[in-house]
Amino acid sequence: MSEQTESIHAGGVEFERVDAPEGIGCWTVELGDTAEAGSVNILTDDGSRPDPAAIEVAGDIVSNFAELKDVAIAFLREHLHAPDYDVSEDERTLIAADPAPFTYPEAAVWADGTWMLRFAESPLQIADPYGVGVLFVGSAPQSIEDF
């Protein structure tokens, strides 16, 4: 099997290699077909197969996706109140509501094992136009990425 069609097994699922720009390697798995279900992607910037450590991180994310999504939402709820993010009072109400205003979660694991959980859709201004992300170290959220 060529590297272009190679799959990766991690976390009890099979990541399939998908088309990506030249020189980029991308393997993906969809975890369901709802706005809350999500997906996990493993990315390399040279097109090569990811290191075992990155594959292990992706497997851990798959195995704990619901919990990690909840951790990311809690982090956003806590930290988006900081003045740096200029969140309006109406948006603060949305952030506190159930369900949280963050959907279509997508984890991106880079070749070095670092990763981010991006919520592709949210009515918040900070999420316009490409969503809002939470950067993680292991299972601990570290910062918010405004796209």
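Helices (H or I, at least four residues) and strands (E, at least two) are taken as DSSP runs and numbered from the N terminus. The model is a predicted one, so local features need pLDDT of at least 70 and side-chain atom pairs count only at pLDDT 80 or more, while totals for chains, interfaces and linings use all residues. Residue numbers start from 1 along each chain as its sequence is written, and side-chain values use heavy atoms, with hydrogens and water left out.

Helix α1 covers residues 52-63, twelve in number, and runs 16 Å from its first C-alpha to its last. That is close to the expected 16 Å, the expected span being 1.5 Å times one less than the number of residues. Ala 54, Ile 55, Ala 58, Gly 59, Ile 61 and Val 62 of α1 are buried (under 20% relative accessible area; exposed is over 50% and partly exposed in between, with a 1.4 Å probe and protein chains only). These residues sit on the same side of α1 because their arc around the axis is only 160 degrees, going by the directions from the helix axis to the C-beta atoms. On the face turned away from that buried side are Pro 52 and Glu 56, both exposed.

Two aromatic pairs turn up in the structure. Rings of Phe, Tyr and Trp (its six-membered ring) pair if their centres lie within 6.5 Å; planes under 30 degrees apart are stacked, over 60 edge-to-face and the rest tilted. Phe 102 and Phe 119 make a tilted pair, at 5.6 Å centre to centre and 50 degrees between the planes. Phe 102 is in the loop between α3 (89-96) and β5 (103-110) and Phe 119 in strand β6 (residues 115-121), so the pair ties together parts 17 residues apart in sequence. Phe 102 is buried at 4% relative accessibility, and Phe 119 is buried at 0%. Trp 115 and Phe 136 are stacked, with ring centres 4.1 Å apart and planes at 10 degrees.
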